[in-house]
Amino acid sequence: MKDVISLQQSFAGGLGFKEEVLLTDVIENVLLMQINSLNRHGITVEKNISDVRIVHIQKAKLSHVIFNLIKNAQEAMAATGAGKKILTIDIGSDSAGSQFIRITDTGSGISPDNINKIFNHGFTTKKTGHGFGLHSCANSLTEMGGSLAVHSEGVGKGASFTITFKNTLYSRSCRVA
């Protein structure tokens, strides 16, 4: 608990300025904050990491976005009630050289009717939702020069959210063990 509070406080001090960030470090820190909840809900986390580069972004904002996406994935998997609950996190670069983080779940999925509304302010499919989370995440990423996209094959088939940072944001390549 002490480590989680310390980690949250370190993010709180970093609002508003861009810094060099290794995407794997952000993922690991957010997972550390959520690991007990993920374990309690029987969710297995799988990570696939390749071609990681340092990006210039606002670490606290990116952490908040990832936290929200993982929380939403957890809730989507809890809503299905059955089957394997797998949260997959992919980090790498696409064919255009842009860095990405993809968070995929085996949860309730998104209907074709809702897929184009998912980032709209006030739109929610949750009974207790307010519709600000994904809208806010998309706006935060746009402010940092990134983007957020969603893909789902439909209801009951899970969902995938992809954060992309254009290749102009990178400072240098690095190897991750």
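I started with helix 5, residues 133-143, where Leu134, Cys137, Ala138, Ser140 and Leu141 are buried. These residues sit on the same side of helix 5, because they cover an arc of only 160 degrees around the axis. I note that the model is predicted.

Next I looked at the opposite face of helix 5. The face turned away from the buried side carries Thr142 and Glu143, which are exposed. What covers the buried residues of helix 5? I found that the cover includes helix 3 (59-80), strand 6 and strand 7. I also checked the residue just after helix 5. Gly145 has a positive phi there, about 85 degrees.

**Entry: helix 3 against helix 5**

I took the axes of this pair. They come within 10 Å and cross at roughly 150 degrees. An angle over 145 degrees counts as roughly antiparallel. Helix 3 and helix 5 are therefore roughly antiparallel to each other. Their crossing is left-handed. From helix 3, Lys61, Leu62, His64, Val65, Asn68, Leu69 and Asn72 make the contact. From helix 5, the partners are Gly133, Leu134, Ser136, Cys137, Ser140, Leu141 and Glu143.

**Entry: Val65**

Val65 lies in helix 3. Is Val65 buried or exposed? I read a relative accessible area of 0%, so Val65 is buried. Not counting residues up to four places away in sequence, Val65 touches Cys137, Ser140, Leu141 and Ile163.

**Entry: helix 2 against helix 3**

I then turned to the other helix pair. Helix 2 spans residues 23-40 and packs on helix 3 at about 40 degrees, with the axes 10 Å apart. That angle makes helix 2 oblique to helix 3. The crossing is right-handed. On helix 2 I listed Leu23, Val26, Ile27, Asn29, Val30, Leu31, Met33, Gln34, Ser37 and Leu38 in the contact. On helix 3 I listed Lys59, Leu62, Ser63, Ile66, Phe67, Ile70, Lys71 and Gln74.

**Entry: the core**

I asked which residues have the most contacts inside the largest nonpolar core. They are Leu62, Ile66 and Ile163, in a core of 41 residues. Leaving out residues up to four places away in sequence, Ile163 touches Leu62, Val65, Ile66, Leu69, Gln99, Phe100, Ile101, Leu141, Ser147 and Leu148. Two of those names, Leu62 and Ile66, are on the list of residues with the most core contacts.

**Entry: Thr162**

I moved one step back along the chain. Thr162 is in strand 7. Its relative accessible area is 14%, so Thr162 is buried. How far is Thr162 from Ile101, C-alpha to C-alpha? I got 5.7 Å, for a pair 61 residues apart in sequence. Beyond its neighbours within four places, Thr162 is in contact with Phe100, Ile101, Arg102, Ser147, Leu148 and Ala149.

**Entry: two loop residues**

I looked up Gly156 first. Gly156 is in the loop between strand 6 (146-151) and strand 7 (159-165). At a relative accessible area of 58%, Gly156 is exposed. Its C-alpha atom is separated by 4.4 Å from that of Ser108, at 48 residues along the chain. Setting aside neighbours within four places, Gly156 is in contact with Gly107, Ser108 and Gly109.

I went on to Asp51. This residue lies in the loop between strand 2 (44-49) and strand 3 (53-57). Asp51 is not a glycine, yet its phi is positive, about 45 degrees. Asp51 counts as partly exposed, with 37% relative accessibility.

**Entry: whole chain**

The protein chain has 5 helices and 8 strands. Along the sequence the pattern is α-β-α-β-β-α-β-β-α-α-β-β-β. The chain has 177 residues, and 45% of them count as buried. How much of the contact set joins residues 24 or more positions apart? I found 73% of the contacts with a separation of 6 or more.

Key. Residues are numbered from 1 along each chain as its sequence is written. This is a predicted model: local features need pLDDT of at least 70, side-chain atom pairs count only at pLDDT 80 or more; totals for chains, interfaces and linings use all residues. Side-chain values use heavy atoms; hydrogens and water are left out. Helices (H or I, at least four residues) and strands (E, at least two) are DSSP runs, numbered from the N terminus. Buried means under 20% relative accessible area, exposed over 50%, partly exposed in between (1.4 Å probe, protein chains only). Contact means heavy atoms within 4.5 Å. A nonpolar core is a set of buried Ala, Val, Leu, Ile, Met, Phe, Trp, Tyr and Cys residues joined through side-chain atoms within 4.5 Å. The arc is that of the directions from the helix axis to the C-beta atoms. Axes are lines fitted to C-alpha atoms, for helices over the stretch in contact, and angles run from 0 to 180 degrees between N-to-C directions. Angles under 35 degrees count as roughly parallel, over 145 as roughly antiparallel, 65 to 115 as roughly perpendicular and the rest as oblique. A crossing is left-handed if the near helix is turned anticlockwise from the far one by less than a right angle, and right-handed if clockwise.
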